[in-house]
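Please have the sequence and the model open while reading.

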Amino acid sequence: MTSETEPVLPLQGFTVGVTAHRRRDELTLMLERRGARVIQASTMQLEPLVGDEALRQETINCLSAPIDIMVATTGIGFRGWLEAADGWGLGEELRQSLQHAELVSRGPKARGAIRTAGFVEAWSPRSESVGEVIESLLTRDLVGRRIVLQLHGEPLPEVVAALSRAGADVITVGV
């Protein structure tokens with residue numbers, strides 16, 4: 001103890017680098033409350049999606065006919081897509097379309113984003129694997145089914161090809 005009334009904080013004397021952009025202020029405050037000296041140095045930064053014309057066109061394509069199954073691969077991607085749709089004036093229409101779709105989440109973050117948006121997911125794999133999601137979908141009759149695959153980061157051409165071979169109409173939404 002430094003004095004009779006001031007306890008030593010668990011991170012006192014430590015310097016911690018926060019490299020996250022998202023929630024950096026929350027993390028910084030939490031660490032500082034525990035005594036750490038914090039240096040913020042974001043390694044990546046999220047950009048608003050409203051100016052993403054390709055995403056806007058993909059969203060319009062999704063809205064051109066009913067969606068049977070929507071696969072959310074990431075929570076931040078799903079939330080970002082809804083926020084961008086709101087910015088284009090398409091948010092309510094997208095939500096209505098998703099309300100009638102079977103929503104599948106790849107993992108807990110996607111599941112949380114789906115629930116935060118007011119939906120309930122139909123299924124989520126234990127492994128948090130896109131592979132397990134696709135394996136599950138391929139056990140069903142997908143002929144003529146319209147599947148929206150929300151991507152975040154890299155394209156998944158092998159997944160799209162597998163679902164297409166099974167007869168699904170696959171729409172990718174690259175967030």
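## Basis

The model is predicted: local features need pLDDT of at least 70, side-chain atom pairs count only at pLDDT 80 or more, and totals for chains, interfaces and linings use all residues. Residues are numbered from 1 along each chain as its sequence is written, and side-chain values use heavy atoms, without hydrogens and water.

## Helix 6 and helix 7

Helices (DSSP runs of H or I, at least four residues) are numbered from the N terminus. Helix 6 (residues 130–138) packs against helix 7 (residues 157–165) at an angle of about 5°, and their axes are 10 Å apart. The two are therefore roughly parallel (an angle under 35 degrees).

V130, I134, L137 and L138 of helix 6 make the contact with V159, A162 and L163 of helix 7 (contact means heavy atoms within 4.5 Å). These residues divide into 7 nonpolar, no polar and no charged.

## Helix 3 and helix 5

The axes of helix 3 (residues 75–87) and helix 5 (residues 108–116) come within 7 Å and cross at roughly 30°. That makes helix 3 roughly parallel to helix 5.

From helix 3, G75, F78 and R79 meet K109, A110, A113 and I114 of helix 5. This contact divides into 4 nonpolar, 1 polar and 2 charged residues.

## T59

T59 lies in helix 2 (residues 53–63). T59 is buried, with a relative accessible area of 0% (buried means under 20%, with a 1.4 Å probe and protein chains only).

The T59 side chain reaches the backbone oxygen of L55 at 2.8 Å. Not counting residues up to four places away in sequence, T59 touches W81, A85, W88, L90 and L94.

Conventions:
Axes fitted to C-alpha atoms, helices over the stretch in contact; angles between N-to-C directions. Parallel < 35°, antiparallel > 145°, perpendicular 65-115°, else oblique. Nonpolar A, V, L, I, M, F, W, Y, C, P; charged D, E, K, R; others polar. Buried < 20%, exposed > 50% of the residue type's maximum accessible area, 1.4 Å probe, protein only. Polar contact = N/O pair within 3.5 Å; in protein donor to acceptor, adjacent residues only side chain to side chain.
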